[in-house]
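Please read it beside the sequence and the coordinates.

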Amino acid sequence: MTGKPTALIAGAGFAGLTAATALAQRGWSVTVLERQPQLRASGAGIYIWENGLRILESLGLGGLAKNAYRGHAMEQRGHDNSILDDGGLPPAVRLVTLHRRDLLEGLKGAAEKAGVEIRTNHEVIGASAQGELLLPGRRSLRADLVIGADGVWSPIRKSLGLELGHQQTTEGAIRTIIEGGTDDLGPGGEDKYIECWSGMRRFLITPLASRQIYLALTCQETDEEGRAYPLNKSSWRSSFPHWAHLIDRIDDVLSWSPYSIVTVRSWSAGHAAILGDAAHAQPPNLGQGGGMAMQSALALAAYMEGVTDSRDIPGRLAQWERNERPLAEHCQHWSCLYGEVSTLPDDVRARAIPKAMADPWVRSELLRAANSRPTGAVA
Ligand SMILES: Cc1cc2nc3c(=O)[nH]c(=O)nc-3n(C[C@H](O)[C@H](O)[C@H](O)COP(=O)(O)OP(=O)(O)OC[C@H]3O[C@@H](n4cnc5c(N)ncnc54)[C@H](O)[C@@H]3O)c2cc1C
């Protein structure tokens with residue numbers, strides 16, 4: 001290898017931009033190819049847990065958290081709005097919520113500051129284990145390391161023969177952002193998030209900074225009224241009458257879509273790796289899909305630190321996967337388990353949630369990723 005090691009990354013989402021920045025900060029020459037004409041995050045919010053905040057701080061983006069809304073509890077309520085679990089978080093576990101657009105903009109800025117080249121309008125159709133990204137028209141680009149951070153439908157995962165399965169859930173979400181603040185959450189609402197259950201529907205209330213509230217309305221594929229576009233407000237009001245004042249304020253929504261669960265043979269093949277949703281997409285029930293995407297991305301860069309011979313890269317990728325994969329798959333497993341709670345009858349759920357959440361083992365499994373120390377993070 002003469003000169004700087006080189007990396008080509010397909011996809012400028014949370015995974016791709018984190019990997020790009022962290023590699024560039026470690027002396028790599030990095031180019032990101034993004035198929036969209038511009039970097040785009042849909043109009044919704046995102047939860048970032050302690051582990052994700054440590055990653056952002058390592059990338060020089062600690063300021064994002066300081067300007068975000070911080071909740072100290074993830075409260076769960078039953079169909080009658082009674083509190084099933086107060087969801088108090090341990091003081092050492094920070095949880096903040098951001099507008100996705102702000103997170104993406106922040107990551108883009110960090111990447112550019114680190115010297116990453118981002119090329120939009122560049123679609124990648126595959127990769128080879130020899131370190132090539134394959135482009136339309138039989139063209140290709142070569143680097144010491146190529147990375148597929150190209151999301152749930154990843155053509156890179158498929159072309160490398162890494163895919164074991166891509167399942168779509170029967171549950172899915174409608175998302176929107178409305179105007180509002182913590183005063184809309186009722187007494188004691190100033191530092192919390194609230195998840196309400198009713199039948200097989202859920203209503204997640206997530207304050208953001210600057211008087212905005214992110215809402216996620218979750219239901220089954222078979223619930224035609226629930227997933228109707230435009231939103232059937234009267235149907236949702238009848239499930240969550242205590243939150244009619246928020247439902248009434250909804251204007252447009254991101255239409256219902258299911259979640260993906262991706263399983264793979266391996267996270268790499270030779271000089272090619274896959275990251276984020278391309279490798280371990282999961283339902284959003286733990287709010288850790290993006291956190292895990294950034295965590296495996298930062299760790300990948302840490303495992304590449306100081307590489308001087310490109311022949312070492314496949315071995316380093318294998319070590320990276322051995323270390324990082326169990327946690328990402330733990331989140332995937334627990335996120336799927338949590339989703340099953342929506343299939344319980346209301347009265348069973350009202351008994352099950354308080355019991356389960358009072359169990360220290362369950363709580364620690366749910367918070368395992370939040371409590372983890374991301375490889376490559378500064379502290
Ligand atoms: C309803 C919902 C709520 C969620 N809430 C949370 C949450 O609160 N907290 C959390 O941590 N996670 C959450 N997640 C999960 C999180 O959104 C994902 O895990 C995260 O976006 C994955 O990032 P990524 O970079 O791997 O993929 P993506 O964000 O999908 O980025 C992939 C990028 O690759 C580009 N691309 C795709 N194909 C190609 C190609 N062929 N060539 C070039 N570029 C390409 C895309 O345009 C995109 O820019 C949620 C997910 C859902 C569905």
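Is the crossing of α9 and α10 left-handed or right-handed? The crossing of these two helices is right-handed, where a crossing counts as left-handed if the near helix is turned anticlockwise from the far one by less than a right angle, and as right-handed if clockwise. This is a predicted model, in which local features need pLDDT of at least 70 and side-chain atom pairs count only at pLDDT 80 or more, while totals for chains, interfaces and linings use all residues. Residues are numbered from 1 along each chain as its sequence is written, and side-chain values use heavy atoms, with hydrogens and water left out.

**Helix packing**

Helices (H or I, at least four residues) and strands (E, at least two) are DSSP runs numbered from the N terminus. Axes are lines fitted to C-alpha atoms, for helices over the stretch in contact, and angles run from 0 to 180 degrees between N-to-C directions.

| Helix pair | Axis angle | Axis distance |
|---|---|---|
| α2 (residues 50-58) and α9 (residues 289-304) | roughly 45° | within 9 Å |
| α1 (residues 14-25) and α4 (residues 100-113) | about 25° | 9 Å |
| α9 and α10 | roughly 155° | within 9 Å |

Angles under 35 degrees count as roughly parallel, over 145 as roughly antiparallel, 65 to 115 as roughly perpendicular and the rest as oblique. The axes of α9 and α10 cross at roughly 155°, and the two helices are therefore roughly antiparallel to each other. Their contact (heavy atoms within 4.5 Å) involves residues including Met-292, Gln-295 and Tyr-303 of α9 and Arg-316, Trp-320 and Glu-324 of α10. The residues of this contact divide into 11 nonpolar, 4 polar and 2 charged, where Ala, Val, Leu, Ile, Met, Phe, Trp, Tyr, Cys and Pro count as nonpolar, Asp, Glu, Lys and Arg as charged, and the others, Gly among them, as polar.

Helix α9 also packs with α2, in a left-handed crossing. Here Asn-51, Gly-52, Ile-55, Leu-56 and Ser-58 of α2 meet Gly-291, Met-292, Met-294, Gln-295 and Leu-298 of α9, a set that divides into 5 nonpolar, 5 polar and no charged residues.

α1 likewise passes α4 in a left-handed crossing, and the residues of that contact divide into 7 nonpolar, 2 polar and 2 charged.

**Cavity and pocket**

On a 1 Å grid over the protein atoms alone, a cavity is a set of points where a 1.4 Å probe fits but cannot get out, whereas a pocket is an open set with protein on both sides within 12 Å along at least five of seven lines; lining residues have an atom within 4 Å of a point. Grid points are joined across faces, edges and corners, and a volume is the space filled by probe spheres set on the points.

The structure holds 1 cavity of 30 Å³ or more. The largest cavity has about 30 Å³ of space, and its lining residues include His-79, Cys-196, Phe-240 and Trp-243.

The second largest pocket has a volume of about 240 Å³; of its 14 lining residues, Leu-337, Tyr-338, Val-341, Ala-356 and Val-362 are the closest to its centre. Helices α10 (313-340), α11 (346-358) and α12 (360-366) each supply at least two residues of this lining.

**Backbone geometry**

A cis peptide bond, with omega about -5°, joins Tyr-229 and Pro-230, and Pro-230 is found in the loop between β16 (212-220) and α6 (233-239). Ser-210, a residue other than glycine, has a positive phi near 50°.
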